[in-house]
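Please look over this model with me. My notes follow the display, point by point.

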Amino acid sequence: MGMKDKVTSKLLQATSDKTELNKKMLAWNKSFVEVNKTLGGNAQKNKKNK
């Protein structure tokens, strides 16, 4: 499991009942995806649409 996955997992556990923090984590996730695209990494695929 990569560091991003570990951080995401721990944040989900810590913020599951806190709506404001969940929104902030979603914004951070969006930022991670944008940075990944900028650095030339593979675009993150939506796991639900396999």
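**Notes on the model**

1. Gly40 comes after helix H2, and its phi is positive, near 90 degrees. Helices here are DSSP runs of H or I with at least four residues, and strands are E runs of at least two, numbered from the N terminus.

2. A word on provenance. This is a predicted model, in which local features need pLDDT of at least 70 and side-chain atom pairs count only at pLDDT 80 or more, while totals for chains, interfaces and linings use all residues. Residues are numbered from 1 along each chain as its sequence is written, and side-chain values use heavy atoms, without hydrogens or water.

3. The chain has 2 helices and 0 strands. H2 covers residues 19-38. Its 20 residues should span 28 Å at 1.5 Å a residue, and the end C-alpha atoms are 29 Å apart, so the two values agree. The expected span is 1.5 Å times one less than the number of residues.

4. Of the 50 residues, 6% count as buried. Buried means under 20% relative accessible area, exposed over 50%, and partly exposed in between (1.4 Å probe, protein chains only). The chain's accessible surface is about 4,900 Å². Carbon and sulfur atoms hold 57% of that surface.

5. Lys4 sits in helix H1, residues 3-15. Lys4 counts as partly exposed because its relative accessibility is 34%. Asn29 is 25 residues from Lys4 in sequence, yet their C-alpha atoms are 9.6 Å apart.

6. Leu12 also belongs to H1. Its relative accessibility is 54%, so Leu12 counts as exposed. Met25 is 13 residues from Leu12 along the chain, with 8.4 Å between their C-alpha atoms.

Methods
Areas by Shrake-Rupley, 256 points an atom, 1.4 Å probe, with all protein chains shown as cover.
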